[in-house]
Each structure stands twice: as structure tokens, then as C-alpha cells.
Amino acid sequence: MSNISEIASVANEEAIDLSSILKDLVAAGSASHGLATSELPIAAQAKVIASVAAESLATGFVLWSHRMTTEYVERFGSEELRRRFLIELKEGARLGSTALATALVDNSGAQELPITFTQTDSGYLINGHIPWASNLRPGTLVVFGAREEEGERRGCLLYTSPSPRDRTR
């Protein structure tokens with residue numbers, strides 16, 4: 001499938017896993033506009049997502065979620081995070097998931113973030129639950145909001161769910 005509309009419309013016609021459609025869209029370059037390596041502006045990305053969503057809202061949403069994860073890593077990730085995940089995200093080898101609804105609710109003051117973190121010698125200890133996130137599959141890179149267990153800091157953290165290729169025996 002080379003036409004974005006054709007790829008997106010498959011989700012409306014068949015009971016299929018959207019991750020395969022998302023990988024096709026990303027491989028076709030549908031999630032790279034507006035990134036540092038793109039010659040096209042972010043407005044071009046918005047048009048692509050709108051075009052996909054016009055054919056299939058669910059497909060447009062998973063494309064948006066993946067694209068935003070890629071943007072977060074590119075703009076705000078450390079050099080190590082960019083080296084480790086950015087190419088995989090841009091090529092669709094690893095899917096991205098946004099789980100930021102709870103961060104928006106926290107920001108509004110309506111409810112506290114359900115995920116906490118504590119800094120340790122080896123990184124962070126994360127505790128809590130994500131009530132909802134898009135694109136959750138083995139190997140997905142998840143962006144989520146968390147608050148410091150003892151303190152005032154809040155921020156976005158990344159977590160990659162284990163996948164068969166990440167496991168060693």
C-alpha cells in the first residue's frame with residue numbers, strides 16, 4: 001500500500017492490529033515532517049495526520065501518538081536517548097506511545113499524577129499506574145508524566161516495554 005488514505009481505510013474495513021498500519025505509515029515517511037531532519041514544516045505533518053484521520057480516526061490518533069513520542073525524544077531526550085531510540089522511532093522499528101492524559105489532569109489541579117518517581121543511584125524507581133495509553137505493544141517507547149514521591153518535581157519520563165529482541169537468556 002502506498003497511498004496513505006488506502007492504508008488508513010484498511011482499519012475501517014478489517015479487524016486488524018493498528019500497529020501494522022502504523023508501521024506502514026511511518027515507513028512511508030508519514031511521521032517525519034517538521035522533525036530536525038525534515039525539509040517540510042510541522043504544518044505538513046498536521047495535514048498528513050488530518051488526512052489519515054479523515055479516513056480513520058483511530059489510525060490518525062495512533063499516528064499522532066507515535067509522531068509526538070518521536071518529537072519528545074528528538075527535542076527533549078538526552079543524547080543517549082536519541083542515540084538509542086530516535087532512528088527506530090523514525091523508521092517504525094519501535095512504536096511510540098503517549099500516556100499524558102494524567103499529566104494534563106494534574107496540571108489542571110483536578111487530580112494528582114498517579115505515577116511517582118524516586119531517584120536512585122542507578123536511575124529512577126517508578127511506582128503507580130497508567131490508566132490509559134495509546135499504541136501499547138511489546139517494545140513500545142512510552143512517554144508519561146510522573147511526580148517526585150517526596151518533593152515537588154514533575155516531569156515526563158520514558159519507559160520501553162520489554163520486547164522479545166530486548167530480552168537475553
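Here is a friendly run of questions and answers about this predicted model.

Me: In what order do the helices and strands of the chain run from the N terminus on?
Reply: Happy to start there. The chain has six helices and five strands. From the N terminus on, the elements run α-α-α-α-α-β-α-β-β-β-β.

Me: What share of the residues of the chain counts as buried?
Reply: Let's begin with the surface: the chain exposes about 9,900 Å², and carbon and sulfur atoms supply 53% of that area. As for burial, of the 169 residues in the chain, the share that counts as buried is 40%.

Me: Which element gives the most residues to the largest nonpolar core?
Reply: That core has 11 residues, among them Ile21, Leu22, Val48, Val62 and Leu95. Helix H2 (18-27), helix H3 (42-55) and H4 are the elements that give two or more residues to it. With four residues, the element that gives the most is H2.

Me: How many residues does the second, separate core have?
Reply: Ile115, Phe117, Val142 and Phe144 are included in this second core. Phe117 is buried, because its relative accessible area of 5% is under the 20% cut-off. The number of residues in this separate core is eight.

Me: Within what arc do the buried residues of H2 fall, seen down the axis of the helix?
Reply: The residues in question are Ser19, Ile21, Leu22, Leu25 and Val26. They line one face of H2, because seen down the helix axis they fall within an arc of 155 degrees.

Me: Which residue just after H2 takes a positive phi?
Reply: Nice spot to look at. H2 covers residues 18-27. Just after this helix, a positive phi of about 90 degrees is taken by Gly29.

Me: How far does H4 reach from its first C-alpha to its last?
Reply: H4 spans residues 57-76, and so has 20 residues. Its buried residues include Thr59, Gly60, Val62, Leu63 and His66.

Me: Is the aromatic pair of Phe61 and Trp64 stacked, tilted or edge-to-face?
Reply: Both residues lie in H4, three residues apart, about one turn of the helix. Phe61 counts as partly exposed at 33% relative accessibility, and Trp64 counts as partly exposed at 34%. The ring centres are 5.5 Å apart with 35 degrees between the planes. Because stacked needs under 30 degrees and edge-to-face over 60, this pair is tilted.

Me: What kind of pair do the rings of Phe117 and Tyr124 form?
Reply: The structure holds two aromatic pairs, and here is another look at ring geometry. Phe117 is buried at 5%, whereas Tyr124 counts as partly exposed at 42% relative accessibility. The ring centres lie 5.5 Å apart and the planes stand at 85 degrees, so the pair is edge-to-face.

Me: Is Ser97 buried or exposed?
Reply: Ser97 lies in strand S1 (residues 96-99). With a relative accessible area of 0%, Ser97 is buried.

Me: Among contacts between residues at least 6 apart in sequence, what percentage joins residues at least 24 apart?
Reply: For the chain, among contacts between residues at least 6 apart, the percentage that joins residues at least 24 apart is 58%.

Conventions. Residues numbered from 1 in each chain as written. Predicted model: local features only at pLDDT ≥ 70, side-chain atom pairs only at ≥ 80, totals over all residues. Heavy atoms only, no water. Phe/Tyr/Trp six-rings, centres within 6.5 Å; stacked < 30°, edge-to-face > 60°. Buried < 20%, exposed > 50% of the residue type's maximum accessible area, 1.4 Å probe, protein only. Core = buried A, V, L, I, M, F, W, Y, C linked by side-chain atoms within 4.5 Å. Contact = heavy atoms within 4.5 Å. Areas by Shrake-Rupley, 256 points an atom, 1.4 Å probe, with all protein chains shown as cover. Arc of directions from axis to C-beta. Expected span 1.5 Å × (residues − 1).
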